[in-house]
Amino acid sequence: MPISASVSDDKRHVDISISDRFDYSLHQPFRDSYKDVNQSGVTYKLDLSQASYMDSSALGMVLLLKEHADGQGSKVVIAKPHPSVAKILKIANFDRFVTIEA
């Protein structure tokens, strides 16, 4: 499965992992992975270490996640992006919007 998600028991940590391609085909499953978490102080960790491809719609989905997190006083962290994805994030200046952990 190209997307997996888990929510901690206290709903303070949402871990979302993407494998292979991060594109529009994951729009609904990606949204479903976080939409029911609506409390403050949550860390949304997006693991892109196994995502070898990311398109502009995926960038938009990350911005929607950020908007969701900002609306509740939470944060988004992109963890270990695959080198090809890291390059896209850098070109798009995403380090200005979210924390990117190498």
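## Briefing: a salt bridge, a helix and a loop

Asp-23 is buried, with a relative accessible area of 11%. This holds in a predicted model. The side chain of Asp-23 meets that of Arg-21 in a salt bridge, with N and O 3.3 Å apart.

**Salt bridges**

- The whole structure holds three salt bridges.
- Asp-23 pairs with Arg-21 in one of them. Asp-23 counts as buried because its relative accessible area, 11%, falls under the 20% cut-off. Arg-21 is partly exposed, at 39%.
- Lys-35 pairs with Asp-32 in another, and their closest N and O atoms are 3.8 Å apart. Lys-35 is partly exposed, with a relative accessible area of 35%. Asp-32 is also partly exposed, at 37%.
- Asp-70 forms a salt bridge with Lys-66, with 2.9 Å between the closest N and O atoms. Asp-70 and Lys-66 are about one helical turn apart, because they sit four residues apart in helix H2. Asp-70 is partly exposed, at 46% relative accessible area, whereas Lys-66 is among the buried residues of H2.
- Side chains of opposite charge can pair when their charged atoms come close.

**Helix H2**

- Helix H2 covers residues 56–71. Its 16 residues should span 22 Å at 1.5 Å a residue, and its end C-alpha atoms are 23 Å apart, which agrees.
- The buried residues of H2 are Ala-58, Leu-59, Met-61, Val-62, Leu-65, Lys-66, His-68 and Ala-69.
- An α-helix has 3.6 residues a turn, so residues three or four places apart point the same way.
- The buried residues of H2 pack against E2, helix H1 (27–32), strand E3 (43–54), E4 and H3.
- His-68 belongs to H2 and is buried, at 18% relative accessibility. Beyond its neighbours within four places in sequence, His-68 contacts Tyr-34, Lys-35, Val-37, Asn-38 and Tyr-44.
- Gly-73 follows H2 and has a positive phi, near 70°.

**Nonpolar core**

- The largest nonpolar core has 27 residues. Ile-18, Phe-22, Phe-30, Tyr-44, Leu-46, Leu-48 and Met-54 touch the most other members.
- E2, E3, H2, E4 and H3 each give two or more residues to this core. H2 supplies the largest share, six residues.
- Leaving aside neighbours within four places, Leu-46 is in contact with Ile-16, Ile-18, Phe-22, Phe-30, Val-62, Val-77, Ile-78 and Ala-79.
- In soluble globular proteins, nonpolar side chains tend to be buried together.

**The loop between H2 and E4**

- Gln-72 lies in the loop between helix H2 and strand E4 (75–79). Ser-74 lies in this loop too.
- Gln-72 is buried, with a relative accessible area of 12%. Ser-74 is buried as well, at 11%.
- The two side chains make a polar contact with each other, at 3.2 Å.
- The side chain of Gln-72 also reaches the backbone oxygen of Gln-39, at 2.9 Å.
- The side chain of Ser-74 reaches the backbone nitrogen of Val-42, at 2.9 Å. Ser-74 and Val-42 are 32 residues apart along the chain, yet 4.8 Å separates their C-alpha atoms.
- Neighbours within four places aside, Gln-72 is in contact with Val-37, Asn-38, Gln-39, Ser-40, Gly-41, Val-42 and Tyr-44.
- With neighbours up to four places away left out, Ser-74 touches Gln-39, Ser-40, Gly-41, Val-42, Tyr-44 and Ala-69.

- Lys-11 has a phi near 60°, a positive value in a residue other than glycine. Lys-11 sits in the loop between strand E1 (3–7) and strand E2 (13–22). Lys-11 is partly exposed, with a relative accessible area of 39%.
- Asn-93 is not a glycine either, and its phi is positive, about 55°. Asn-93 sits in the loop between helix H3 (83–91) and strand E5 (99–101). Asn-93 is partly exposed, at 36% relative accessible area.

Methods: Residues are numbered from 1 along each chain as its sequence is written. This is a predicted model: local features need pLDDT of at least 70, side-chain atom pairs count only at pLDDT 80 or more; totals for chains, interfaces and linings use all residues. Side-chain values use heavy atoms; hydrogens and water are left out. Buried means under 20% relative accessible area, exposed over 50%, partly exposed in between (1.4 Å probe, protein chains only). A polar contact is a pair of N or O atoms within 3.5 Å; within protein, one must be able to donate a hydrogen and the other to accept it, and residues adjacent in sequence count only if both atoms are side-chain atoms. Contact means heavy atoms within 4.5 Å. A salt bridge is a side-chain nitrogen of Lys or Arg within 4 Å of a carboxyl oxygen of Asp or Glu. The expected span of a helix is 1.5 Å times one less than its number of residues. A nonpolar core is a set of buried Ala, Val, Leu, Ile, Met, Phe, Trp, Tyr and Cys residues joined through side-chain atoms within 4.5 Å.
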